[in-house]
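I opened my notebook to look up a few places in this model and write down what I found. The entries follow in the order I made them.

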Amino acid sequence: MQTRPLGTTGPQVSALGLGCMGMSALYGEADRAESIATIHAALEAGVTLLDTGDFYAMGHNEMLIGEALRAAPAALREQALTSVKFGALRDPDGGWSGYDGRPAAVRNFAAYSLQRLGVDHIDVYRIARLDPNVPIEETVGAIAELVEKGHVRHIGLSEVGAETIRRAAATAPISDLQIEYSLISRGIEDEVLPTTRELGIGITAYGVLSRGLISGHFTADRQLAPTDFRSMSPRFQGENLQHNLSLVEALRKIAEQKGVSVAQIAIAWVSSRGEDIVPLVGARTRERLTEALGALDVTLDDADLAAIEEAVPADAAAGDRYPAAQMSHLGTDR
């Protein structure tokens, strides 16, 4: 599999990463055995970057990855790179209580993640959202101490804006910024992406299929469980959904002309944005993983890119990418 640098200070990683959140939380029920089989299939295909968060189902996702790694052949286990987000506060009922970026909390979160994952170090460690009560310098400084002690290899950021990126980079070397980026979520192009490129910071792009919305598999009559994030997401509601699915149909025509799937052309578009961008695919099954991996064989020429731009212009999506209450936690262009 092709590899890409995760910024100038990070490791070489596979051209696609596997986002494992959906195997534990937010998108309905998942099959544990199939999830582990999908992680193994990803490793066998050459995927090296496994992304998780310690708050995904309150540690369940980290334990799932840990179980998968223990059951994998040694050679595959050794190639796996873990990317972990921390800082989100949960309660026993599944509620959210803000973010904690204090140095003591950073060390505490890391200790539990290392245990749940069953590893002696985390490859990339980042706070999931900026704690408004703690300067980013203090949070990043605490991760830098973990790097010095060998518990963490690289420092990442997540969903922060250009000013915060600069402040963090002035504190310690930053490998990458994890942020939503897709055909219908392109806010980073104005300020964030130019800043990361100036500073030599890579991008790990999540939401490349917009939580399945532009996968080509989502239909208007699909029934979502109350616990499914999409049941509250503005882009999946009423007229917004109808509008957004019309964009998918326009994209489908281009995909069919190239003999590929909608998901593959959407992932390939993100990948084509630069060698400094690594798409994270949220495949929960081996079937969806195989489809996503096929995007690596899709080449988009200038005519393809122009057609895609015409079908799905930069500001074409209807609805915000998060409910209003969560938008306030984003430190980026929305």
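Predicted model: local features only at pLDDT ≥ 70, side-chain atom pairs only at ≥ 80, totals over all residues.

I then looked up where Gly259 sits, and found it in the loop between helix H8 (238-258) and helix H9 (262-272). I also checked Gly259 against Val298, which is 39 residues away along the chain. The C-alpha atoms of Gly259 and Val298 are 9.6 Å apart.

Entry two, helix H9. I asked how many of the residues of H9 are buried. The count is 10 of the 11, so H9 is largely enclosed by the rest of the structure. Among the buried residues of H9 I listed Val262, Ile265, Trp269 and Ser271. Next I looked up what the buried residues of H9 pack against. Their partners include strand S1 (3-5), strand S11 (202-206), H8 and strand S12 (277-281). Helix H10 (286-293) and helix H11 (302-311) are also among the partners. After H9 comes Gly274, and I wrote down that its phi is positive, near 155°.

I turned to helix H2 (residues 60-71) and helix H4 (residues 103-117), which pack with their axes 7 Å apart, at an angle of about 40°. That angle makes H2 oblique to H4. Which residues meet here? From H2 I noted Glu62, Met63, Ile65 and Gly66, and from H4 Ser113, Arg116 and Leu117. I sorted the residues of this contact into 3 nonpolar, 2 polar and 2 charged.

Entry four, strand S8. I looked up strand S8 (residues 122-127) and asked why it counts as largely enclosed by the rest of the structure. The reason is that 6 of its 6 residues are buried. I then checked its pairing with strand S5 (residues 81-86), and found 4 bridges in the parallel sense. In this pairing Lys85 stands opposite Arg126 in S8. Strand S9 (residues 152-158) also runs parallel to S8, and 3 bridges join the two. I noted that Val124 has His154 in S9 as its bridge partner.

Which helix goes with S8 and S9 in a β-α-β unit? I found helix H5 (residues 136-148), and the unit that S8, H5 and S9 make is right-handed.

Definitions and conventions: Residues numbered from 1 in each chain as written. Heavy atoms only, no water. Buried < 20%, exposed > 50% of the residue type's maximum accessible area, 1.4 Å probe, protein only. Contact = heavy atoms within 4.5 Å. Axes fitted to C-alpha atoms, helices over the stretch in contact; angles between N-to-C directions. Parallel < 35°, antiparallel > 145°, perpendicular 65-115°, else oblique. Nonpolar A, V, L, I, M, F, W, Y, C, P; charged D, E, K, R; others polar. Pairing = 2+ DSSP bridges. Right-handed = clockwise from strand over helix to strand, strands pointing away.
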